[in-house]
Amino acid sequence: MSASVRVRFAPSPTGPLHMGGVRTALFNYLYAKKHNGTFILRVEDTDQARFVEGAEAYIEESLKWCGFEPDEGTKAGGNHGPYRQSERSELYLKELNQLMATGHAYKAFDTAEEIAAKRTEAEANGDVWQYDAKTRLSMRNSLALSAAEVAQLESEGHPFTVRFKMPESGREVKVSDEIRGEIRVSSSVLDDKVLMKADGLPTYHLANVVDDHHMEISHVIRGEEWLPSAPLHVLLYEAFGWNPPAFAHLPLILKPTGNGKLSKRDGDKGGFPIFPLAWTDPKSSQTSNGYRENGYLPEAFLNMLLLLGWSSGDERELFSLEEAVEAFSMENVTKSGARFNPDKAVWFNEQYLRSGDSSRWIEPLKERNAEAMQGWSGTKCQQVLDMMLERVQFLHEIGAHSYLFAAPDRFDEKLIRKKWKPETAGYLRDLKDVLAAVEPFESDNIETHFKQFLATRELGFGAVLLPFRIALTGTGGGPSMFDFAEFLGKNQTLDRLESAVAKLG
C-alpha cells in the first residue's frame, strides 16, 4: 500500500448523482488535498441491469460544476487505470480464481427459485434463512457436490455464481473506522456474499476491494449505508493477503422532518432539489430540478454540504473550497445523521451572492436578461446590482422586477386603496416640479430635496414616500427610492410620476 494519501469517489452510473453522493466526493477531495494526496474518480458500472445512459457524463459534469475535478479518472487518466470497472474484467477474474484456489470462494449452481424456496420454508417455521456456513452444505455448490458433479454442471453450461466462503467457526471481525472507532462483528451472522454474478460480472464487493487494492487507495471514505459491508471487505482483504485501507463511513443526510434518509420524494414534496444539476430520466422523460438550474451558486451548494456532518469546532459557517481544505479533519465528522434544512441552503446562497465584488455578476445578470438588458452598459448593470442584491436570494430573481425595465402598467390595488388619498396626486405633482430642478440628479441630492419638500409642506414621510414608490414601481417594496430615481434618470422619473398621477388621479 502506498504511503501517500489516495482516495476515490466511486459512483455507479445508475441514475443522477444525489447530493449525498456529492458530499461524499467533497469529503474525499478535501481529505486528499489536506494531505497533498490524490483524488480519483472511478466509475463502478458492473451493474448492467441498472445502467442508465448519460449518467456517467452527468456525474462528470456535476463534479466540474462543483469545482473539484479528479486528479485521476475516466477523463483525467492516470497510472492506475482503466478507471471504469467494465474495462477491468480480466483483473477481477484473475483475483477471483486466486480466491477459489486458496479455498476462500466457491461456485454455487443454485437457481433463484431454489434459494427462494429455502427462505419460504424457513419463514414457515418462524426462522430466517441465509446462504451461510450453516446452510451451504445443503445447497448445490462446489463445496457440497463432488468434483465430477461440478464438472458435469459446467459442461452442461449450467449458470453459476461465485460466493465468498465465510469462516466456518464464528470469529470476531474488527473494522477500524476513523469516524466511529472500532466495530466488532461476528462472522457467524454474515452470509456467503456473491462475488461474481451468473452473467460473469463481479459484484460491488469483489470489484471494490480489488480496485481499491490495485489503485493503492489509502482511505475509503464512503456513506454510512456501506458500513454493513465493511466486515466482508475486511475478510476479503485478509483472504487476498492484502493490507486493508483505512475506513471512514460518513453519516446519512436526513430528510428535513421526520425520520429517514433524504430522498427524491422529499425534494418533490418540499419543492427543493436533491440533485446538483437538472436530470431528465431517459425512460420516463421526466425532469428533476437541480441546484444549478434553480439558481444556486456552486460555492453555496458545497458550503451547505460541507456542514452536513462536519463542523470546524467553532461557530464558523462560511468556507471557500480552499478554506475548507485547510480546516477539514476526519475528527470533526459526526457519527449521527445530519438533518438537511432547505432554508439554510437558501441562506448560504444569499451569503455568497452578496459577498465579494458584486461586479462579477454583471455578465451573468446580462446573460439571464439578455433581451431586457440589450445595450445596457456595465455601469447601469452595476447600479441594478447595488440596488437589488440585498433584496434577492438568487441572481435570477432580479429580472423578475419588471419596473427595472419599464414603467409599471399595473399598480398594487391593495396599497392604492390603503395609501392613495384624495390629496396624494397633488403632492406628487408638486414633488415632480421639485425634482425637475434637481441638479445633479443623484441619490443624495434627490433625497435632500425630497426631505426639504416634506419639511416645507409639513408632511410626514408616509404621506409621500410610499405613493412615490408606487408611482415609479407599481409596488410597495424594492430598493431605495432615491437610488432608483437616480438609476432611472430625471426624464424617466418625471415621466413615470406624470403617468401614475394621470392613471390614479
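Biologist: What does the lining of the largest pocket have by class?
Modeller: There are 16 nonpolar, 17 polar and 13 charged residues in that lining. Here Ala, Val, Leu, Ile, Met, Phe, Trp, Tyr, Cys and Pro count as nonpolar, Asp, Glu, Lys and Arg as charged, and the others, Gly among them, as polar. This is a predicted model, where local features need pLDDT of at least 70 and side-chain atom pairs 80 or more, while totals for chains, interfaces and linings use all residues. Residues are numbered from 1 along each chain as its sequence is written, and side-chain values use heavy atoms, without hydrogens or water.

Biologist: Which residues lie nearest the centre of the largest pocket?
Modeller: Pro11, Ser12, Thr14, Glu225 and Trp226, out of 46 lining residues. A pocket is an open set of points on a 1 Å grid where a 1.4 Å probe fits, with protein on both sides within 12 Å along at least five of seven lines, and lining residues have an atom within 4 Å of a point.

Biologist: Which helix gives the most to that lining?
Modeller: Helix 1, with five residues. Elements giving two or more include strand 1 (6-9), helix 6 (204-214) and strand 8 (219-223); these are DSSP runs, helices (H or I) of at least four residues and strands (E) of at least two, numbered from the N terminus.

Biologist: And the second largest pocket, what lies closest to its centre?
Modeller: Leu307, Leu308, Trp310, Glu317 and Lys344, among the 19 residues that line the second largest pocket. Seven of its lining residues are nonpolar, six polar and six charged.

Biologist: New topic: which residues meet where helix 18 packs on helix 19?
Modeller: Phe484, Ala485 and Leu488 from helix 18 meet Lys490, Gln492, Thr493 and Arg496 from helix 19, with contact meaning heavy atoms within 4.5 Å. That splits into three nonpolar, two polar and two charged residues.

Biologist: At what angle do helix 18 and helix 19 pack?
Modeller: About 110°, with the axes 6 Å apart; axes are lines fitted to C-alpha atoms over the stretch in contact, and angles run from 0 to 180 degrees between N-to-C directions. The two helices are therefore roughly perpendicular, a label for 65 to 115 degrees.

Biologist: Last one: is Ala124 buried or exposed?
Modeller: Exposed, with a relative accessible area of 67%; exposed means over 50%, using a 1.4 Å probe and protein chains only. Ala124 belongs to helix 4 (residues 112-124), and its C-alpha atom is 77 Å from that of Trp376, 252 residues apart along the chain.

Methods. Angles under 35 degrees count as roughly parallel, over 145 as roughly antiparallel, 65 to 115 as roughly perpendicular and the rest as oblique. Buried means under 20% relative accessible area, exposed over 50%, partly exposed in between (1.4 Å probe, protein chains only).
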